[in-house]
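Please look at the sequence and the structure below before reading on.

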Amino acid sequence: MEDVEGLFATDGTGRDIFRATMSLKRFLFLLSIIRFDNIHDRDDRKESGDRVAPISELFQMFLVNSQSNYSMSEYSTVDEMLVPFRGRCSFRMYMKSKPNKYGLKVMCLCDAKNHYLYNAFIYCGKNNVPNPKKFAIPTLNVLELVTPIFNSNRNITGDNWFSSIELITELKRHGLTYVGTLRKNKRDIPSQIVPNKQTEVNTTKFAFTKDITLLSFVPKKNRYVLLLSSMHHTNTINPENSKPEIIEFYNQTKVGVDALDQKCAVYSTHRRTRRWPLAIFYPMLDIASVNSRVL
């Protein structure tokens, strides 16, 4: 992250475009006072259940613009994006698998082909969201993300945190299919499909119901992966690499959100801050630049 004074330097190392736009003092002044909501009714909005009240209005405006100017392709991806943040925030997360361990989790729906962000929400943990059917939290998260594309016959790709029979069944009711990896501790997995230590590499086992395909694949010795699909209903395997069609499709469509995160990191507006709304505002600017490039 480059120092602000370095951006506005006049010794030839700075950027002329920044000095031509405003002075350094003006930039620092705006950075210190910028707010995204009316502080006088913020407490009322928080009491009504809006935990991200300081930025929710601007965030929703951004999503409305993103959706009104673009039509998704037939393949999309759901995943989480971790916004780096180490300040005080009641819903700050720790995720050991991310480069920045601490931050704010944003659940995203992206186009799998060009990584356009179509829908998102800031994850605040367990909320008092009406849940009469007692869905699991991952199922609720996916349903909230894909609501704008209900009954469009598109496919959703997700990782093993989201995947479940419950999710696939509910998505089918709303005219969507799903492909994703499955955790090995799920009770729905039949024992016949689980490989043992004697199973050879590149072995694939399929299990079918009327609407769902489950497979196990052994990529390496003593290792296997499980995948669920409501889009594929055959046991097609690529003869060149011995991989099932479902796995190849998953590998092609799983990186939508990660690729968007990577594009944003190439040239980011992010700056260190102790205010979490500002930490959310910076990736909004980065995502807007990616979306605008796609458009």
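Asn151 is exposed, with a relative accessible area of 57%; exposed means over 50% relative accessible area, buried under 20% and partly exposed in between (1.4 Å probe, protein chains only). Asn151 lies in the loop between helix 6 (137–146) and strand 5 (155–158). Helices (H or I, at least four residues) and strands (E, at least two) are DSSP runs, numbered from the N terminus. The phi of Asn151 is near 60°, a positive value in a residue other than glycine.

The model is predicted: local features need pLDDT of at least 70 and side-chain atom pairs count only at pLDDT 80 or more, while totals for chains, interfaces and linings use all residues. Residues are numbered from 1 along each chain as its sequence is written, and side-chain values use heavy atoms, with hydrogens and water left out.

His115 also has a positive phi without being a glycine.

The protein chain has 10 helices and nine strands. Of its 295 residues, 44% count as buried.

Helix 9 (residues 256–266) and helix 10 pack with their axes 9 Å apart, at an angle of about 105°. Axes are lines fitted to C-alpha atoms, for helices over the stretch in contact, and angles run from 0 to 180 degrees between N-to-C directions. The two helices are therefore roughly perpendicular to each other, a term for angles of 65 to 115 degrees. In this contact (heavy atoms within 4.5 Å), Leu260, Lys263 and Cys264 of helix 9 meet Asp286, Ile287 and Val290 of helix 10.

Gly256, Val257, Ala259, Leu260 and Cys264 are the buried residues of helix 9. Seen down the helix axis, these buried residues fall within an arc of 160°, so they line one face of helix 9; the arc is that of the directions from the helix axis to the C-beta atoms. On the other side of helix 9, Gln262, Ala265 and Val266 are exposed. The cover over the buried residues of helix 9 includes strand 1 (75–84), strand 3, strand 4, helix 8 (245–253) and helix 10.

Helix 5 (residues 53–68) has buried residues too, among them Phe59, Phe62 and Leu63. Their cover includes helix 4 (42–47), strand 3 (102–111), strand 4 (117–122) and helix 10 (276–294).

Methods:
Angles under 35 degrees count as roughly parallel, over 145 as roughly antiparallel, 65 to 115 as roughly perpendicular and the rest as oblique.
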